[in-house]
Amino acid sequence: MSKKILTVDDSASIRQMVTFTLKQAGYDVVEAEDGVEGLAKAKSETPHLIITDLNMPNMNGIDMIKSVRQESSHKFTPILMLTTESDDSKKSEGKQAGATGWIVKPFNPEQLLKVIAKVLPA
Amino acid sequence: MNINSKELKDWGTIPMLSNKLKNLKDFIISKFNIHSFVPEEKGEHLLWPLRIIIILVMCLTLKYTLTLPLSALLVIISFIIALLLVNDFLLIKYSSSEKQLARVSTLTQTHRKSTRILSDQTNNVANEMETAIQGIIGQFMTIAGQTASQSGTILNTVKAAETVTVENENFKTEEFVQSIEGMLNEIIQMLVWISDSMIEVADDIDLLKKKGKAIDDAIGEIDFISKQTELLALNAAIEAARAGEHGRGFMVVADEVRKLAHTSSNFNERIQIELTGINEGLSRSHEKIAEVVNKDLTPLLLSKNKIQMFINNLFLQKETILELLESAATESQNTSQNIFNIVQELQFQDRLKQQLEHIADPLVEIATEMDVIFEHFDKRHQKMTPDLEFLKEVGSRYTMQTERDLHANHLSEFKEKPEEISNAVAAVNNTISKDEDDDCLFDSPPQPPKNKKTCDDNIELF
């Protein structure tokens, strides 16, 4: 059974690119447009991994991670931040919130897949 | 700077109003850098010499018509000048403030709109770019799918080229070629062996034919013996007849010998016939075998060599095709890699969209602040129309219908002087339509194309 990945980004094109990359590699992909939808789908779809943007309307990525981490089913789910933000203070904020990793856009599809393979146990 | 409508109403004195408006003007001018819109007051320095000339003419007229004393005239002149000074002071102050206030309200009205237009145009750019990028990614996804399918086909072709199936048994192509070569060699060797054997058979037939001749000779001798025996039997019978009664027994013997000789002769005849048949058969076989033996095997050997060459070439071609297919597979992988690179490059759109949002959002905030400023004007100034010349100038820069539509949509909110607004919108559209004569739309019923002019979505030939 292929692993399910949730991608949360307000940019439709980034969602499309992430989905394209992951589906090419054989993953199942679920999309969400912002933190609120991302949190709802994290609960309903129980993905094996979450990739989220930082700056989004309604709920940003860090708040979403904090909420997701409160779910018992997602205490150990790998969560990667995929954002244009590269500020160290933001990174440490993300780490404290419970992010597993931080990828600065633009992402290289191969590198993204390598990082996923590293954090997502087979 | 905080101002409200109550404060505006409470501004009782002209100096206070002037001061407040000056601050407001400076605030807006500094914020929006709009010095060019502040009107200049020209020609006021010419007013006072003219007035003094008029007063002097009036005084001279009064002096000579009413014969007033000089002191009274000086008092009147001083009084008039004092009145004019007060009047001018008030008038200039009030007039300048009124102009500034009117100008500021117009500018506020104009720029609360223009900033929103700019914000919407910026958002439109971001959205259109996102839509375009999504379309491009969609196309690349299709290409990636086709490339993956192509790679699969290539791999299957390579596998198919590496094996040959004969009677449900799979052979490697190389083994199959070697096997054919072996079979050909076996066939040739078999033919050579058959040819050699035929030569031996031909020799044997020759021998048999010779032996048949000996048998034939022996049969001739037997035939001679039979004839002699028959002749002897005849003589014996004659002699027996002569002997009369005594020769009767011998007569029987002679008769039996004659019959035996006759039977032997018949048997000999039959052997002769069979032997002739055998000889003829042997002769025919000999001829056929001689034909086989004399058959030249060289063309067959040449054909065998040709077949071997043909198979070897096929094998080499297969190797070349395999190399090409492997190269094609590598190209497919490169294409996939390139698509990944393109996907990475296309993410510029996300960064650009964010940057555009960072421009558009503050513009909306500025517009909102200007809304607040505008609400503080009294109703008379709130009815001021925007600077249509400026908005027209802004609109004239647009080169696309979507931009013009958005611009016109914002301007259509002004209802006070719809004619002026519609004229401004029409002016914008007219300016642009001259630049877009190549637009493939017909206002009137479509006319037949002139000079082979064709219209196909975005293409027009003249």
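# A tour of chains A and B

Select helix 1 (residues 12–24) of chain A, which lies across strand 1 (4–8), strand 2 and strand 3 of chain A and runs at about 170 degrees to strand 2 of chain A. Helices (H or I, at least four residues) and strands (E, at least two) are DSSP runs, numbered from the N terminus. Axes are lines fitted to C-alpha atoms, for helices over the stretch in contact, and angles run from 0 to 180 degrees between N-to-C directions. Two residues are in contact if their C-beta atoms, placed from the backbone, lie within 7 Å.

This is a predicted model, in which local features need pLDDT of at least 70 and side-chain atom pairs count only at pLDDT 80 or more, while totals for chains, interfaces and linings use all residues. Residues are numbered from 1 along each chain as its sequence is written, and chains are lettered from A and ligands numbered from 1 in the order in which they are written.

**Chain A: the sheet**

Next, select helix 2 (residues 35–45) of chain A. Helix 2 also lies across strand 1, strand 2 and strand 3 of chain A, running at about 170 degrees to strand 1 of chain A.

Now show the whole of chain A. Its secondary structure comes to 5 helices and 5 strands, and from the N terminus on the elements run β-α-β-α-β-α-β-α-β-α. The strands form an open sheet of 5 strands in the order 2-1-3-4-5, with parallel pairing. Two strands pair if DSSP finds at least two bridges between them. Strand 2 (28–32) and strand 5 (101–104) of chain A are the edge strands, each pairing on one side only. From one strand to the next, the twist averages 20 degrees.

Go to strand 3 (residues 49–52) of chain A, which pairs with strand 4 of chain A in the parallel sense over 3 bridges. At A:I51, look across to A:L80 in strand 4 of chain A, its bridge partner.

**Chain A: one residue in strand 4**

Select A:I79, in strand 4 (residues 79–83) of chain A. A:I79 counts as buried because it has 25 C-beta neighbours inside 10 Å. A residue is buried if 20 or more other C-beta atoms lie within 10 Å of its own, exposed if 12 or fewer, and partly exposed in between, with C-beta atoms placed from the backbone. Leaving aside neighbours within four places in sequence, A:I79 is in contact with A:I50, A:T52, A:I65, A:V68, A:G98, A:A99 and A:T100. A:I65 is 14 residues from A:I79 in sequence, and the two are 7.7 Å apart in space, C-alpha to C-alpha.

Over the chain as a whole, buried residues make up 42% of the 122 residues in chain A. Of the contacts in chain A with a separation of 6 or more, 59% are between residues 24 or more positions apart.

**Chain A: two helices**

Select helix 3 (residues 61–69) and helix 4 (residues 88–97) of chain A, whose axes come within 9 Å and cross at roughly 15 degrees. Helix 3 and helix 4 of chain A are therefore roughly parallel to each other; angles under 35 degrees count as roughly parallel, over 145 as roughly antiparallel, 65 to 115 as roughly perpendicular and the rest as oblique. Here A:I62, A:I65 and A:K66 in helix 3 meet A:E93, A:G94 and A:A97 in helix 4 of chain A. The residues of this contact divide into 3 nonpolar, 1 polar and 2 charged. Ala, Val, Leu, Ile, Met, Phe, Trp, Tyr, Cys and Pro count as nonpolar, Asp, Glu, Lys and Arg as charged, and the others, Gly among them, as polar.

Move to chain B, which has 12 helices and 4 strands. Of its 462 residues, 11% count as buried.

Select strand 1 (residues 163–166) and strand 2 (residues 169–172) of chain B, which run antiparallel and are joined by 4 bridges. B:V164 has B:F171 in strand 2 of chain B as its bridge partner, and B:V166 stands opposite B:E169. This hairpin has 2 residues between the strands, and B:E167 takes a positive phi near 45 degrees.

Finally, show both chains. The contact takes 17 residues from chain B and 16 residues from chain A. Helix 4 (70–162), helix 7 (298–345) and helix 8 (348–375) of chain B each supply at least two residues of the side of chain B that touches chain A. The residues of that side divide into 8 nonpolar, 5 polar and 4 charged.
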